[in-house]
Each structure stands twice: as structure tokens, then as C-alpha cells.
Amino acid sequence: MMPHNDPDLPIDWQTVSEAIRQTLAEEADAIMAIAGRDLQATHDAVEMLYRCSGRIIVTGMGKMGAIARKCSATFCSTGTPAIFLHPGEALHGDLGIVTSEDVLLVLSYSGETDEVNSLIPFMRRQNVPVIALTGNAESQLAQHAQVTLDIRIAREADPISLAPTCSTTVALAVCDALAVALMRIRGFTREQFAIYHPGGSLGRKLLLTVQDLMVSGEQLPIVNRSTSLRASIVVISQKALGAVFVVDEANRLIGIFTDGDLRRALESQENPLSCPIEQLMTADPHSINHEALAVEALRIMEEKSITVLPVLDHGRLIGAIHIHPLIHAGLA
């Protein structure tokens, strides 16, 4: 029977605060207690995972099964192919996903979970090596695993030391440590991480290039050096980028004229409308290569307090990027 919650009973917030503090402290202590435990076994596990030419099959039952699912997801997102295998479903046909190229990573604190240990004979027949994360080095699981990582804890964090708290936290931390070790061995980069997370903010920041967001062709506001200010203003209005780009005969960028430059020209000269734009433009403006990351264009705009950048390919103007598409892409 579930305990009854009395809505009229006042909550002792001091007790609540102490329970939270103590739980976090005990789980942190449990992690630190295993940090230097049996490093050779940890090295063996990392090497086995690194040399695996197939996938890491991660399994566990109950609360450890939930940790195993997260472990599998972490491996996948950091460049190590992995899949979660539910031990109960495995015994009813899902073992078909396992090949002799794989490695089985088993999470079982007791090491005596029937559904988990029932997988071991199949793995031995398939010559699939087994890595065990268990708190019982004398268990059946530990005895049949090629590598055993000892995750035993002094106690769980709950008052009666029964609810999986410290044990699952330690298992999660060990799985994270294995994934990070593999990342470091492989030299896994931010760009590679973004490839596996194309829908996330980091993926957008690292995968979008200037060319993906720039305007080009007929949308480009282009004038030559002899174009009058009056005609240039018409182009600025038509193209709606807040600027015109001044190019030479080879389409090389030689200058830019913006809305801000227009205000300054009208303030400083009595009748500038007939002046050639070359006399009023900003020469050698900031620009960016078309293959650069979009986030780099945003950095330049923020640093220089500008809202549009010409895009070049070997000095020739091929496009322009405005700050608005960068914002809409979630980069700002």
C-alpha cells in the first residue's frame, strides 16, 4: 500500500532541505569512491569498446535498464555506434540484432538478474565479449564477463538504503566516463558532435554556412564605381538589404555604401546626389568567404556593429548575408 499524503500536514522544509543536500552529497561521494578503483579493468573495457568493429549492445533490467538506455544514447551521440537491448525482449526474438562483431555491455547491480544472465550463453555461442557493470564481483554475471567494472557502493541514498539512487548514479557516471574516454581516444570534435545533432542548437551553429543563408544573383544590390548616389539609393530601396556593393569590371568588391553612409553624406555635403558612389563609399569593407560558418558571420557583425556582410569567393562578390536570417536560424 502506498503511503498516504495528508494535504493538511505542514511540510518541514528544514527536513526537505537536509534530505536534498544529503542525497546529493552521498551520490557525489559514491562516484568519487570508485574514481580510482581497478583502473586496469577500466582500461580493458575502454580498449574492448574502442576495438569493437560492430556496435555496443547495452542491456539492463529495471532501473539499470533506464540507465542502459541513456548509456546507449550517449555512445551514439559521441561517435560510438550503440543500441539498447531489453533483456526480456531479447529472449523472445530480439537477439537477432546481435552479431559476432558486437560487444555486450551489461548493467546489473546484483549481477544475479535472471533476464540479464539468460543472455550470457547466447553471447558465448556467438563469441560476443561481455563487459559487466556490477556491484557484486562474486555474482554469476561477473564470473562470466570478460571484463568486470566494480560499481559497488556503501549504501543507497534513501533512508532505508533500498531505492536505487547511489547505485544508478554510479552506473550512469561510469557509462559517461567510458563514452568520454572513447571521445578523447578518437579525437571527437565539436563538428562531429554537430553532425549527430543536426536538429539542435549546436548543430545549427556548426553546420550552417554563409552560403546556406546568403542572398545572391538578382537579389544582390550591386553598382559600379561611377554610379551616382541618386541611382545607388534606388538600388538600396529595391534590394532591401540596407546597402549597395561597389564592384569593378571583374566583379571584385571595392566598397560598400550603407543607409548609415547615406545619412552621413546628406549631413556633410550640400548636394551629394549627383556624386559618383566611389567618392562616398567605404573602401575595403569587412567581408566573409562563402564557405565560412554562419556563426562566424554573426560574430563579425556583432563585433563590428554592422548588419550586412558581402560574401566573396576569391575576391569576387557572389552574395551577401544579413543579420536577420542569422537570427531566424537561431544563431543569435
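Author: Two strands pair if DSSP finds at least two bridges between them. Strands (E, at least two residues) and helices (H or I, at least four) are DSSP runs, numbered from the N terminus. The model you see is predicted, and local features need pLDDT of at least 70, side-chain atom pairs count only at pLDDT 80 or more, and totals for chains, interfaces and linings use all residues. Residues are numbered from 1 along each chain as its sequence is written, while side-chain values use heavy atoms, with hydrogens and water left out.

Now to the sheet. Four strands form an open sheet in the order β6-β7-β8-β9, and their pairing is mixed. β6 (222–224) and β9 (282–283) stand at the edges with a single partner strand each, so one side of each has no neighbour in the sheet. Strands of a sheet pair through backbone hydrogen bonds, either parallel or antiparallel. β6 and β7 (residues 243–247) run parallel, joined by three bridges. Find N224, and opposite it in β7 you will see V247.

Let us step back to the whole protein. There are 15 helices and twelve strands. The radius of gyration, taken over C-alpha atoms, is 31 Å, well over the 20 Å from the globule rule (2.2 Å times the number of residues to the power 0.38), so the protein, with its 332 residues, is more spread out than a compact globule. Its C-alpha trace spans about 90 × 60 × 35 Å along the principal axes.
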